[in-house]
Every structure is written in C-alpha cells, then in structure tokens.
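Work through the exercises below with the sequence and the coordinates at hand. Each task is followed by a solution in steps.

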Amino acid sequence: MGITFWIAALPLISFLISGLGVFFRVGSLKRKGHYFGLVTVGISLLLSTYLLFEVMGGRVISESWFTWLVSGGLSASFGGYVDSLTAVMLFVVNFVSFFVHLYSIGYMEEDPGYDRFFAYLGLFTFSMLVLVLSPNFLQLFFGWEAVGLSSYLLIGFWFKRKRAADAAIKAFLMNRVGDFLFILGLVSIFWVFGSLEFDQVFSQVSKVSAGVLSLIALLLLGGAVGKSAQFPLHTWLPDAMEGPTPISALIHAATMVAAGVFMVARCWPIYDGSSVLDVVGIIGVITAFGAATVGLTQFDIKRVLAYSTLSQLGYMFAALGAGAYVFAMFHLFTHAFFKALLFLGSGSVIHAMDGEQDIRKMGGLFKYMKVTGTTFIIGSLALVGIPPFAGFFSKDKIILSTYANGHLLWWLFLTLGALLTALYMGRLIFLVFFGEERFGQRERKHLHESPAVMTVPLIILSVPSIFAGFLEGWFTEFLGRSVPNHLREVSHSTELSLVFITVSLALLGLIVAALFYYWRKLSPEVITENPLIKPLYTVVYNKYYFDEIYYYLFVRGVGFGVGRISAFVDKYVIDGVVNGVALFSRYFGEVLRLSQTGVVNAYALYFALGLVLVITIIWLV
Amino acid sequence: MIGYVILSALFFCIGLFGIVVRRNVISLFFSLELLLNSANVLFVGFSKVHGNLYGEIFVFFVLAVAAAEAAVGLAIVVALYRLRGSVNTEDYSSLRW
C-alpha cells in the first residue's frame with residue numbers, strides 16, 4: 001500500500017463520500033461534492049507529479065496492493081506499476097481531471113445533480129487511474145470496465161432526457177462489443193502464457209508463434225477499437241456528447257478514449273511480435289480521414305469536436321500501426337491538453353448561449369467572451385497543427401513516421417486529414433466567434449463571459465496547449481525507456497519538406513475556411529448544392545449512414561430475428577412446458593380423484609395393497 | 001414353530017379379507033379384532049418357543065388396548081347409527097369426489 005495505492009484510492013474516497021451523501025441525502029454534504037473532488041484529485045495530482053519526477057530519475061516503481069483471488073494457476077492481484085508510460089498517463093489524467101473538477105463548479109452550478117456529478121467524476125478518475133497503474137491484464141480489465149461504467153453513468157447523467165439515456169446505452173453496448181473481444185483476448189493470453197502479469201507475459205512473447213500473437217493482438221485490438229471509438233465501433237462517441245460538457249472534455253476527449261491507445265502501447269511486445277500492426281494503422285487512417293470529413297459537415301459544436309476527437313485518435317492508431325509507439329503517446333499527451341481545452345471552451349460557449357449548441361445560431365461571440373475565445377483559438381491552432389502550438393509537433397511526428405516507415409498511402413490520407421482538420425476547425429472558429437451575430441434575443445440576454453472557475457482552467461490548459469510540443473525531445477527519450485519507437489531514418493531535407501507540406505496544407509485549410517465563413521467570398525452552399533457533390537455531401541452529412549446501417553443490420557435484422565426466435569421459444573417451449581405440467585397435473589388429478597370413493601373398505605384395500613407393495617419392494621431390494 | 005406363524009397369518013388374512021369385503025360396520029369391527037388377535041397368537045407362540053413370558057405379558061397389553069379400542073369403536077358405531085340409521089359403510093360415503 002504505497003504511494004500508487006493512494007493515487008488511485010483518493011478519488012475513490014471522493015466518490016464514496018459524495019456518493020453516500022447523495023444516496024442517504026445527507027444534508028450537511030449537499031453541494032459540497034467539489035471540495036472532496038478537488039482535494040483528493042489535487043493530492044493525487046501532486047503525488048503523480050512526484051512520481052513523474054521519481055521515474056524521470058530512473059526509478060521504476062512496482063507496488064503490490066493486495067491479492068484479490070488465487071485459483072489454480074491464476075493469481076489475481078492489484079498493484080501499481082509505474083514506468084515512464086504510466087507516469088505520463090497518471091499526470092495527464094490527474095491534471096485534466098483536476099481542472100475539469102474546477103471547471104464543473106461553474107458549469108454545473110445550477111444543476112440539481114451537483115453532488116452526483118462530482119461523485120461520478122471521482123469514480124471515473126479512480127477507474128482511469130486503476131487502469132493505467134495496472135501491472136497485469138486483470139486489473140487493466142477491471143479499470144477498463146470501470147471507466148466504461150463511469151462513462152455510461154456520465155453520458156446518461158441527465159437521464160430524464162431520452163436522448164441522453166439512449167446515448168448512454170448505445171455507448172455501453174458498443175463498448176460491450178469491443179470488451180467481449182478484449183476478454184477473449186485475456187482468456188487467450190492466460191491460455192497461451194499461463195499468466196496475466198505484464199512482465200511474465202511480455203518476457204515469453206518470443207517463444208510464441210506469430211500466428212497466435214496475431215490472434216491475441218487482434219482480440220485486444222477489438223477492445224481498443226471499442227474504447228477508443230475507432231472505425232467500425234466509433235458511432236457511440238459523437239452521441240456521447242449528450243453528457244455534460246466537462247464530461248466530454250474529461251472522458252470523451254482527453255482520457256478514457258485514450259485507454260485504447262495506452263493499452264496497445266502497453267502491450268507493444270505482443271503487437272511487435274504479431275503481424276496486425278498494419279490492421280491497427282489502417283483502422284486508424286480510415287477513422288482519421290473519415291471522421292475529419294464528417295466533422296466538416298456537422299452543425300453541433302460538440303459534435304464537430306467529437307468527430308475531431310475520433311480523427312485525432314485515428315492519428316494515434318496510425319502512429320501505433322506504423323510502430324511509432326512513442327509518437328502515438330506523444331500525440332495522446334498533447335491532444336489531452338488541447339482537446340480538454342477545446343471541450344471546456346465549447347462548454348463555456350454553450351453556457352453563455354444558454355444551452356444552444358448549433359453553430360448556425362452563434363457568431364460574433366469573440367467580443368463578448370474574450371478569454372473563452374482566445375483560449376479556444378489557441379486550442380484550435382494546436383489541433384490544426386500550426387507551429388509552435390503543441391499539436392504541430394505531435395501530429396507532424398505521426399505523419400512523418402508513416403512516411404518514414406513506408407506507408408505512403410497512410411501518409412497521403414493523414415496529410416489530407418490535416419487539411420480537413422484545418423478546414424473544420426477554421427469553420428468552427430469563424431462560425432462561432434466571428435461574423436454576424438445570428439443568435440436570438442433570449443441568448444443575447446443570457447450572453448456573458450463565464451465565471452473565473454471556468455475561465456481559469458481554460459487559461460491553465462492553454463499553457464500546455466502552446467508549450468507541450470517543445471517537450472518533444474524530452475518526451476521521446478523518457479517514453480523511449482518503456483516503449484520502442486520504430487522509425488527509419490529519413491534525411492533532414494525530406495523531413496523538412498514533409499513538415500512544409502503539412503503546415504502549408506493546414507494554413508491553406510484555415511484560409512479556405514476564412515474565405516467561406518469569415519470573408520464570405522464563397523458560399524458553402526455553392527458546394528453542397530452542387531449536383532455533383534450533393535449526394536456525397538448527403539452521405540457525409542449523415543455520417544456515412546453508419547447508425548442507419550447498424551440499425552437495420554443489428555437492431556432490426558439480428559435484433560428482430562433473435563427477438564422472433566426468443567418470442568417463439570418463450571411462447572411455445574417455455575410456456576408449453578409450464579402449461580403442460582399444469583395440464584398434466586389437472587388431468588391426472590381428474591383420474592386419480594375417482595379412487596376417492598368415500599367407502600371405508602376401499603381405503604382399507606388401498607392400505608393393504610400399499611403395504612403389500614412396500615413389503616415387496618423391501619423384499620426385492 | 002411354523003405352525004404358529006401360519007395360524008397367525010391365516011387369522012390376519014381372514015381379518016384383512018373381512019375388512020375389505022364386509023359392509024357391515026360391526027363385521028368390520030370383528031375383522032379388526034381378528035387382526036389384533038393374529039398378532040396375539042404370534043406373541044404367545046414365540047413366547048412358548050423362546051421359553052420366556054415376555055410375549056405373554058405383551059398379549060395382556062394388547063388385550064387391554066383392544067378393550068379400550070372396542071369401547072371407543074362401539075361408541076362411534078352407535079353414534080353413526082344414530083346419525084344415519086344404518087350400519088352399512090356405503091351409507092357413510094358423503095366424503096367423496
């Protein structure tokens with residue numbers, strides 16, 4: 001029970017205090033949730049910062065908390081394993097979580113579920129910390145499922161709204177598909193390696209054939225695809241935007257969805273030994289490019305950001321697929337800051353617009369909310385990859401690594417994705433913060449800059465969004481101690497020209513966005529109404545009809561099919577058995593009651609016959 | 001010794017037969033006494049074979065119980081006769097399906 005235990009346990013304490021306070025309606029704990037949350041996560045943040053420095057000094061901390069169960073060859077224990085990979089994740093999770101706590105004080109101010117919200121935040125932070133600290137697959141799975149649960153609770157936080165409840169169930173079910181594959185992966189690992197401890201599994205990887213490793217890697221990848229919302233299990237993430245905005249920032253942008261990337265990076269020996277890295281990369285590239293196109297067409301501020309998250313997670317997967325584990329983690333690291341910033345900023349905008357999320361009904365907000373506007377633009381520039389903001393360094397490294405490792409097609413699509421990123425973020429900024437004011441009287445009356453508890457987190461998060469990129473050299477060396485970075489050398493001039501292409505495309509994207517939405521030289525309708533492009537636009541606008549396809553294929557198709565069969569079985573087999581037993585008893589009784597004649601002699605006869613029967617049986621046996 | 005057993009079994013079977021076929025309650029009663037006394041025969045017979053008096057002592061108990069039973073049983077028969085005006089068991093069959 002050392003320091004790692006307390007890092008994970010402190011948020012749990014916050015959850016327990018606030019949660020029990022809500023459950024038992026303790027009056028003295030009412031609207032106090034943020035105290036426990038801020039204090040516990042704050043201490044946890046300090047502890048993980050301390051650990052970060054310890055690990056930087058060359059230590060690898062391995063602590064055992066307690067043994068959960070022992071059964072045959074399986075020994076399941078909980079513990080904390082902190083190498084540079086975990087140390088960075090601990091810091092990022094606690095850092096973002098702390099500022100989301102702070103921000104939520106303002107954002108959730110008027111919400112009746114104030115304490116419940118902070119309780120769930122504590123539960124989520126605890127789950128994520130358990131996940132990243134895990135020294136074995138079982139604890140990883142525990143954290144994996146626990147973050148899924150907290151995500152479900154927080155997406156459905158406003159469970160009285162049907163759309164929120166539906167989105168929560170959708171997220172849970174989509175994750176379940178991935179988690180099912182994931183648990184199959186765990187079972188295969190135990191089967192093949194006879195252990196679930198990371199060190200024991202990874203040290204035996206070389207003895208296992210590539211085919212078996214590939215199968216395990218694919219199954220684990222299924223889990224990662226579900227949790228990190230990659231194609232084809234990505235549809236839950238945009239719907240998850242029904243949750244409160246701080247949650248979108250914490251869970252659906254910065255931390256939980258990164259769990260898949262973290263898991264693949266953690267299991268790098270398995271992936272390196274297998275032949276599925278290409279699959280990882282292709283999934284990433286499809287998601288990165290596809291989600292970026294959808295992001296270009298959406299009108300809900302949070303949905304645009306959600307698709308941008310999908311897209312950026314796709315970049316991370318592409319980096320993993322190219323074997324550049326460190327760069328994937330680096331992008332995760334920088335992305336966590338600026339995406340949390342963007343979501344919190346969008347929350348501030350939504351807060352100011354009294355719940356309005358449609359960017360067509362905003363515009364010109366910059367002069368009303370300068371802090372939100374400035375920080376939002378900083379976050380966007382970081383996301384777009386304009387130097388010297390953080391996203392430039394990390395995204396550029398990913399694009400470079402795909403090129404260097406010979407995946408030219410990936411490189412092409414990721415570079416185009418960078419252009420699209422610039423386009424949709426430019427569109428978002430110009431539509432929300434500049435141009436004419438398209439909101440109504442009600443919003444205008446409500447319009448105000450958010451309180452300090454909301455703007456301070458924005459300002460603080462914008463600092464790493466600007467400067468985190470300069471940590472690249474340090475980060476590469478530091479993470480390089482835990483995960484490898486397969487990267488073929490490219491000449492300096494090639495690298496420079498690649499950077500030049502990416503940056504100029506990003507700038508081009510911003511300029512084109514400005515042409516459309518700021519200077520209004522071009523009208524987007526000209527393109528979307530063009531008969532050649534309109535069908536394509538419709539497909540993209542409807543998110544490639546994934547929801548509809550899944551609805552008809554699984555909900556209507558498989559779901560109704562299974563439903564019909566179940567109904568038949570229930571009606572005729574199950575009910576048949578129950579009714580049959582009843583009918584049999586009834587008719588058998590009808591016959592049997594005839595023997596009850598009321599005449600004493602008959603009963604005496606039965607008695608005698610019974611006696612004979614019993615004696616015969618005793619005699620025979 | 002087998003003779004006592006056969007005699008006892010004979011009494012028992014006659015008694016059982018009587019209980020099953022006779023409809024007169026008084027006859028049923030006699031048959032019942034016959035069942036009890038078939039056991040008594042066995043007691044006395046085994047007592048003689050083993051050369052002690054345990055069996056014979058038991059017979060006295062049985063006779064005492066049988067006397068009490070006869071008193072209760074006959075009282076029931078009298079009550080039944082007063083109720084139904086009959087001693088035929090077929091007239092007592094109102095507890096039937």
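**Exercise 1.** Determine the secondary structure and the end-to-end C-alpha distance of residues 58-81 of chain B in this predicted model.

*Solution.* Residues 58-81 of chain B are 100% helix and 0% strand. The end C-alpha atoms of this span are 34 Å apart. Next, consult the record: an unreviewed UniProt entry annotates "transmembrane region" at residues 6-21, 28-46 and 58-81 of chain B. Then treat residues 6-21 of chain B in the same way: the span is 100% helix and 0% strand, with 22 Å between its end C-alpha atoms.

**Exercise 2.** Classify the relative orientation of helices H16 (residues 370-384) and H18 (residues 408-433) of chain A, and describe their contact.

*Solution.* The packing angle is about 170°, and the axes lie 9 Å apart. Angles over 145 degrees count as roughly antiparallel, so H16(A) and H18(A) are roughly antiparallel to each other. On the H16(A) side, the contact includes A:Gly373, A:Ile377 and A:Ser380; on the H18(A) side, it includes A:Thr421, A:Ala422 and A:Met425. By class, the contact residues are 7 nonpolar, 3 polar and no charged.

**Exercise 3.** Count the residues in contact between chains A and B.

*Solution.* Chain A contributes 11 residues and chain B 12. The chain A side has 6 nonpolar, 4 polar and 1 charged residues.

Definitions and conventions:
Residues numbered from 1 in each chain as written. Chains lettered and ligands numbered in written order. Predicted model: local features only at pLDDT ≥ 70, side-chain atom pairs only at ≥ 80, totals over all residues. Contact = placed C-beta atoms within 7 Å. Nonpolar A, V, L, I, M, F, W, Y, C, P; charged D, E, K, R; others polar. UniProt positions renumbered as here; feature names shortened; annotations may be inferred. Helix = DSSP H or I, 4+ residues; strand = E, 2+ residues; numbered from the N terminus. Axes fitted to C-alpha atoms, helices over the stretch in contact; angles between N-to-C directions. Parallel < 35°, antiparallel > 145°, perpendicular 65-115°, else oblique.
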